[in-house]
Amino acid sequence: SIGTTNDGDEIDIESLISDAGGGYSLDIYGNGNGLGIIRYDGNGTGLYSGTTYTGYTGTTTLHDGQLYLNVTTLPAILGPLVVGDNVGTPATAYVQEQQNGQVADGSSVTVKSDGRFDLNGFTDTIGNLTVNGGDVFTQDAGHLTTGTITLTNGAVMPGPGVTSGMG
């Protein structure tokens, strides 16, 4: 445990995430109520998991490293998700869903030039999708339903389908 947060606090995780050679170097399990911003700057592996992760609606930004979304009863991401920071090689910021519906309906997803958003064969409905040089994978049986898609020098690589124009 890193400690206790208060409403509006910012968790800025830089050197705290470092890959220890197996498993996850950070596991956010349980309630994220009241947090203002969660930002990952390290190169390690993070995991949102559990059954009760709720309440955090601020922006989650992954600058570098991997973030796996595996919350069983509710979306892991309730607010905007930003994958990458336009610094580094492709896919050095990597977010992967490990269950259906890990980003809340209506939450925007932005994938920057060094980012990759991977549905890993799962299904999700999100808000607007902006891809600025990064890429989005649905894989195998995965399906992504979005609001508006803005694509600038990036790629959306679907499996069976990507549906745009959610109303």
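Me: How many salt bridges does a search of the whole structure find?

Reply: The general idea is that side chains of opposite charge can pair when their charged atoms come close. A salt bridge is counted when a side-chain nitrogen of Lys or Arg lies within 4 Å of a carboxyl oxygen of Asp or Glu. The search of the whole structure finds one salt bridge. It joins the side chains of R116 and D135, with an N to O distance of 2.7 Å. The pair links distant parts of the chain, since R116 is in strand 10 and D135 in strand 13 (residues 135-137), 19 residues apart. Helices (H or I, at least four residues) and strands (E, at least two) are DSSP runs, numbered from the N terminus.

This is a predicted model, in which local features need pLDDT of at least 70 and side-chain atom pairs count only at pLDDT 80 or more, while totals for chains, interfaces and linings use all residues. Residues are numbered from 1 along each chain as its sequence is written, and side-chain values use heavy atoms, with hydrogens and water left out.

Me: Are R116 and D135 buried, partly exposed or exposed?

Reply: Buried means under 20% relative accessible area, exposed means over 50%, and partly exposed lies in between (1.4 Å probe, protein chains only). R116 is partly exposed, at 23% relative accessibility, whereas D135 is buried, at 11%.

Me: Which strands does strand 8 pair with, and do they run parallel or antiparallel?

Reply: Two strands pair if DSSP finds at least two bridges between them. Strand 6 (residues 65-71) is joined to strand 8 by five bridges, and the two run parallel. Strand 8 and strand 10 (residues 115-118) also run parallel, joined by four bridges. For individual positions, Y68 has Q96 in strand 8 as its bridge partner, and V95 stands opposite F117 in strand 10.

Me: Which residues of strand 8 lie on each of its faces, and are they buried or exposed?

Reply: A93, V95 and E97 lie on one side and Y94 and Q96 on the other, and all are buried.

Me: Where are A91 and N153 placed, and what is the phi of each?

Reply: A91 has a phi near 65°, a positive value in a residue other than glycine. This residue is in the loop between strand 7 (81-83) and strand 8 (93-97), and A91 is partly exposed, with a relative accessible area of 25%. N153 is not a glycine either, and its phi is positive at about 55°. N153 is in the loop between strand 15 (149-152) and strand 16 (155-157), where N153 counts as exposed at 72% relative accessibility.
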